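This briefing is meant for a reader meeting the structure for the first time. It begins with the parts of one chain and then turns to the places where those parts, and the chains, touch.

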2 protein chains.
Amino acid sequence: MRLKATVAYDGSAFVGWQKQPNGNSVQTEIEKAVSLINKEKTRVFGSGRTDAGVHGLGQVFHFDSPFEIQGKAWIKALNSMLPLTIRIVDVEPVDDSFHARYSAKTKTYEYRVNNGEYDLFKREYECYYPEKLDLGKIEEACQRFLGEHDFTSFNATKLEVIENQVRTIYRFDFEVIDNHIIFTICGSGFLKYMVRMMIATCLKCGTGKIKPEKITEMLEAKDKDVMQYNIEPNGLYLKKVNY
Amino acid sequence: MRLKATVAYDGSAFVGWQKQPNGNSVQTEIEKAVSLINKEKTRVFGSGRTDAGVHGLGQVFHFDSPFEIQGKAWIKALNSMLPLTIRIVDVEPVDDSFHARYSAKTKTYEYRVNNGEYDLFKREYECYYPEKLDLGKIEEACQRFLGEHDFTSFNATKLEVIENQVRTIYRFDFEVIDNHIIFTICGSGFLKYMVRMMIATCLKCGTGKIKPEKITEMLEAKDKDVMQYNIEPNGLYLKKVNY
C-alpha cells in the first residue's frame, strides 16, 4: 500500500532533504526508519528538496509498504526510531497513483526575519536583518512577483539545464510581530534558491537600495546575471505542500 | 584596570562554561578574544561554572586589562571576535577588589519546561516534560526549599570534597505561559546539579509520584543516596548574578 507522510525537521541538523555522499540528510534518516519497519530497503519520495539549513514544517513524502499498518501506528513507530530533529506529523494511506512530487499542486513557504535585537538562541531559526526597513516598499516588492512569470533570473540552476522556468506565485505577503517580519509565499513551484532570492530582493527594496520597479525588470531580463541577492537558509520553512 | 562583563551564550554549543581538556568551552572562547585585544594571555574569572547544555543569559566574569578601553568599545570588539553563540551584553569598569565569583551575593536561574506539544525547534532550549502535572503540588514543593538548608542531599559532588553545603533559597516559584512552566530560583549559591535536582524533584511532586513533604525529609537526610532525580540541562538558564 502507498502512504503519504507529513514531516517536520530542524534543517540546521542536516545537509538538506536529499541524500548526499557526505553528511546526514533528512531523507537518509527517514529511509533508514521506513526500511527497518518494512523489513526491506525502501525509498521515500519527497515533494522536493530543501537545502541545507532550511526547515520543514509540513514537508510531504510518499513510500510503499508491503504491510497493512494504520497511519497512527506508522507515526508512532517512525518517531520512535527517528532522531528528535525529525518528527513525523501525519501518515495516511493514499491511492497508488499519488506521488509526493508530481501530484503537488502548490507549495507554501514561510520566511522569518528578525528586524530587532539579535537573539542568539534563534540564530538557526530566523534571519537576523537589523537594517532599517520601509515596510511599504517591501509590500510593493512582494506584489511585483504575483502571478505567472518566467523565473530564469531567480533560478540559481545553471542555464544548460533545460527546464521550464515559468512559475505562478499565488500569494506573497508578510505580517509583522514584535520586530519580526514573517513572509508567506505560495506558488506552483520553486526553482533553486528562488524563494530566498525573492525574499532577499524584497528586503533590499525595504532598505531603499533598489526600487520595487526593478523587480519587474529583473524578471523580464530572464538573465541569471541580474541576480545579486540571496539570503541565509536559517529563516526558511517549507510550511505546506498542497495536493 | 579591572572590568566586569555580562555575557549570554547558547549552552548547546559548548562543553560548559569552564575550560576542558576536550571540547570547546565558553571560557576558552572568551579568553581567546580578550587575550587578543589585551595583546597578552589573559585569564577571565566567571561567577561560577555552568554545565554542558546550560545556557547563559546574564553570566558574569571579570578580567584585567593594561589598556584604558571604554566598556562600549570592549563590547563591540569582543563581539566582533566571538562566535555568534556567545554575545557580550555589557562591560563596565570595576574596583580592583571586585571578583566575579567571590563578590557575588546571589544568583538567579530560570528553568523552562514544555508541558505541551514537543517542539523540535526548541529541543536545546527547553525541557520537554509531557506528563500531567498538578501545579498546586509543584507550588508546595517549591516552598519546601525556601530558606536556609544543608543541601548535601541535593549536591552531586562526592562527599569527600569538604565544603559547606548550606545554602539559602530566597525565591523559588514559576509562571505558566501556554503550556510552559517557567521556574525562577534565586539563592545564595548552588552546588553541583542542585538547581536541576530541585526542579526534577518539584516536577515529580507535580506528577504525584512523590509528596511535597518528602522534600523536607530529603533535605534533613543530608544523604547523597536519597536523590534519584535529575533533569536535562537544556531548560536551564543562568539569568542573573547579583552583587
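Predicted model: local features only at pLDDT ≥ 70, side-chain atom pairs only at ≥ 80, totals over all residues.

## Briefing

The domain assignment divides chain A into domain 1, which covers residues 2-94, and domain 2, which covers residues 106-242.

**Domains of chain A**

- Domain 1 of chain A and domain 2 of chain A have C-alpha centres that lie 27 Å apart, and their contact draws on 16 residues from domain 1 of chain A and 15 residues from domain 2 of chain A.
- According to UniProt, in an unreviewed entry, residues 5-103 and 141-243 of chain A are listed under "domain: Pseudouridine synthase I TruA alpha/beta".

**Where the two domains of chain A meet**

- About 1,100 Å² is buried between domain 1 of chain A and domain 2 of chain A, and carbon and sulfur atoms give 57% of that area.
- How many salt bridges are found across the interface of domain 1 of chain A and domain 2 of chain A? There is one salt bridge across this interface.
- Arg196(A) and Asp51(A) meet through their side chains in a salt bridge, with an N to O distance of 3.6 Å.
- Nine residue pairs are in polar contact between domain 1 of chain A and domain 2 of chain A, with both residues of each pair at pLDDT 80 or more.
- On the side of domain 1 of chain A that touches domain 2 of chain A, nine residues are polar, four are nonpolar and three are charged.

**Where chain A meets chain B**

- Chain A and chain B each bring residues to their contact, with 17 residues from chain A and 17 residues from chain B.
- The area buried between chain A and chain B is about 1,300 Å², and 73% of it comes from carbon and sulfur atoms.
- Of the area that chain A buries against chain B, 46% is supplied by Leu120(A), Phe121(A) and Arg123(A), which is more than any other three residues supply.
- Two salt bridges are counted between chain A and chain B, and Arg123(A) also forms a salt bridge with Asp10(B), in which the closest N and O atoms are 2.6 Å apart.
- Across the interface of chain A and chain B, four residue pairs are in polar contact, both residues being at pLDDT 80 or more.
- Strand E1 (2-9), strand E3 (55-64) and strand E4 (86-94) of chain A are the elements that give two or more residues to the side of chain A that touches chain B, and E3(A) gives the largest share, three residues.
- The side of chain A that touches chain B is made up of eleven nonpolar, three polar and three charged residues.

**Salt bridges in the whole structure**

- Over all chains, the whole structure holds 22 salt bridges.
- Glu110(A) and Lys239(A) form a salt bridge through their side chains, at 3.0 Å from N to O.
- This pair links distant parts of the chain, 129 residues apart, with Glu110(A) in strand E5 (residues 106-114) of chain A and Lys239(A) in strand E10 (residues 236-242) of chain A.

**Around His149(B)**

- His149(B) lies in strand E7 (residues 147-150) of chain B, and the side chain of His149(B) reaches the backbone oxygen of Phe145(B) at 3.2 Å.
- Leaving aside residues up to four places away in sequence, His149(B) touches Arg144(B), Gln165(B), Val166(B), Arg167(B) and Leu219(B).
- His149(B) and Glu92(B) are 57 residues apart along the chain, and their C-alpha atoms are separated by 35 Å.

Key
Residues numbered from 1 in each chain as written. Chains lettered and ligands numbered in written order. Heavy atoms only, no water. UniProt positions renumbered as here; feature names shortened; annotations may be inferred. Contact = heavy atoms within 4.5 Å. Buried area = accessible area lost by both parts, 1.4 Å probe. Salt bridge = Lys/Arg side-chain N within 4 Å of Asp/Glu carboxyl O. Polar contact = N/O pair within 3.5 Å; in protein donor to acceptor, adjacent residues only side chain to side chain. Helix = DSSP H or I, 4+ residues; strand = E, 2+ residues; numbered from the N terminus. Nonpolar A, V, L, I, M, F, W, Y, C, P; charged D, E, K, R; others polar. Domains from an automatic or database assignment.
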